[in-house]
Amino acid sequence: MNLDKSDVEKIAHLARLTIDDADTADYAHDLNNIFQLVEQMSATDTAEVSPMAHPLDAHQRLRPDVVTEQDQRVLFQSIAPETEAGVYLVPKVIE
Amino acid sequence: MQNKTLTELSELLHKGETTSVELTRHFLDRINTHNTQLNAFISVCEVSALAQAAAADKQFENKTAGKLTGIPMAHKDIFCTKGVRTSCASKMLDRFVAPYDATVVEKIAASGMVMLGKTNMDEFAMGSSNETSFYGPVKNPWDTDRVPGGSSGGSAAAVAARLTPIATGTDTGGSIRQPSSLCNLTGLKPTYGRISRYGMIAFASSLDQAGPMAANAEDAALMMNVMSGFDERDSTSVDREVPDYTATLNNSLEGLRIGLPKEFFGEGLDPQVAANVETAIRAFEKLGASIKQISLPNSHLAVSTYYVVAPAECSSNLSRMDGVRFGHRAENPTDLLDLYQRSRSEGFGAEVKRRIMIGTYVLSAGYYDAYYLKAQQCRRLISNDFQRAFQEVDVIMGPTAPTTAFRLGEKTNDPVAMYLADIYTISTNLAGLPGMSIPAGFAEGLPTGLQIIGNYFDEARLLNIAHRYQQVTDWHKQIPRAFA
């Protein structure tokens, strides 16, 4: 694998990040080194190995379908950058 | 006063020989004196700490005080604290005041302990040197030109310099154990699910686990009694009885079977660290343990597996930081995309961005099988190695970190070299096992650590082993001269 500047820009866009032009080469260099480290996995045969998603192989716990949480909208919105009438404000998305 | 164990402090308080306010002032004074040099704290909560201490003193008057009532402590700034800034050492959360307490914070407050403040760390716990913090690096009290380790570097430095009797940490790939090793502490990462993750800002949810960073094993056991237990608000919390971790501290080690994995003693291990670990092993033989050479043949996969699993989970967890509901928001965004991109780019530091990008890439269409699925399969192989080993031995021992504390700036330009600082600790997180680091002597004046890994929910045994070792050694009592 060899990621170039345009790959870095593409990945950054998917991650909703912008990387300064001056820094993309450094990011490409670092990401390539990290992926070189990651490539050590590929020499291992894992065809018959079941993936391990949880250290204790536990399953998601279910709970009765009843309301347990109280409405705390005012509290939670008190730390939001911009709200109005109980909703979060963002730049206009629909003309 | 600052060199006393939690039990000794508790006795002084219960006998009325000191008050919690006095004790709290003593540690606040130490923080005021030394924190500029160490940068171990992001926030010092003087007013609330003294109020909590006064409330604790009331409990002594009313005879309702418990074992840890009135004893000061510090939280890593990854735990949400209601009404107190919870920054995760990121510009993104620089002004984030949590609207609720983490379960760990709630439990420790309920025990009557006093929170002195919030400790510095690597940004979002991503780092092994505490140099990725938005608030600047923490210095190692043993040599202030060197790193304290990370990501719980502030907690490590604060306890090592006795600016607090004990602190909390979190460990995703070694973030409790590696700084404990570099700062001469006793640090325990429990089994995955033992301590609630509710309110602990998530980095890699299938690996993250909280634990105590202490001056000795007995203190760590006392803290484990408070921190552990089932929590319905954490869906991966394990519903299992919590033993009294102090009850078995003095058990005999006669017949204990210790495994030494040959993979932990190979290339890259500093010879002086290796020599100290071997000396420690001989001490365990004298205490009645038997030693067996074992193999964890897939150990070499741990770092590569981790750098797929952890970034993948981090890219998902950190997607909530988008400038809409809380945290940093860019000024005058032109549209929604600009709001997201600039808020995130301004709010996150370089290492966090790197990991988000790795995670985004390995989870993107067409690459999932080659990376994430493959890593989850390697994770199974690593876990299977441990389970095979635990059929023959009770615990596994080795070095915590390959070297002593490195110099500030030494590895900041080479992420891969930095990642290898966790080469011996990562596999434990991947398998979900408990692991501990205890002081094992010095190399050229710098601390070294012995790692002890146990089977699932064997924390009591790890603490017992550490405590017995600390009865016959005094490494854990050594304090950096400048802070004595």
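Reply: **The interface, close up**

Start with one pair: the side chains of A:Asp30 and B:Arg354 meet in a salt bridge, with 3.1 Å from N to O. (A salt bridge is a side-chain nitrogen of Lys or Arg within 4 Å of a carboxyl oxygen of Asp or Glu.) Keep in mind that this is a predicted model, where local features need pLDDT of at least 70, side-chain atom pairs count only at pLDDT 80 or more, and totals for chains, interfaces and linings use all residues. Residues are numbered from 1 along each chain as its sequence is written, chains are lettered from A and ligands numbered from 1 in the order in which they are written, and side-chain values use heavy atoms, leaving out hydrogens and water.

Across the interface of chain B and chain A, the rule finds two salt bridges. It also finds 20 residue pairs in polar contact, both residues at pLDDT 80 or more. (A polar contact is a pair of N or O atoms within 3.5 Å; within protein, one must be able to donate a hydrogen and the other to accept it, and residues adjacent in sequence count only if both atoms are side-chain atoms.)

Which helices of chain B each supply at least two residues of the side that touches chain A? They are H9 (302-317), H10 (336-347), H11 (350-362), H12 (369-389), H13 (415-419) and H14 (426-431). (Helices, H or I with at least four residues, and strands, E with at least two, are DSSP runs numbered from the N terminus.) H12(B) gives the most, with twelve residues. Sorted by class, that side of chain B has 39 nonpolar, 19 polar and twelve charged residues. (Ala, Val, Leu, Ile, Met, Phe, Trp, Tyr, Cys and Pro count as nonpolar, Asp, Glu, Lys and Arg as charged, and the others, Gly among them, as polar.)

Now zoom out to the whole interface. Here 70 residues of chain B are in contact (heavy atoms within 4.5 Å) with 48 residues of chain A. The two chains bury about 5100 Å² between them, 69% of it on carbon and sulfur atoms. (Buried area is the accessible area, with a 1.4 Å probe, that two parts lose on being put together, summed over both.) B:Arg329, B:Met357 and B:Arg380 supply 14% of the area that chain B buries against chain A, more than any other three residues.

As background, chain B has 15 helices and eleven strands, and its C-alpha atoms fill a box of roughly 65 × 55 × 45 Å along the principal axes.
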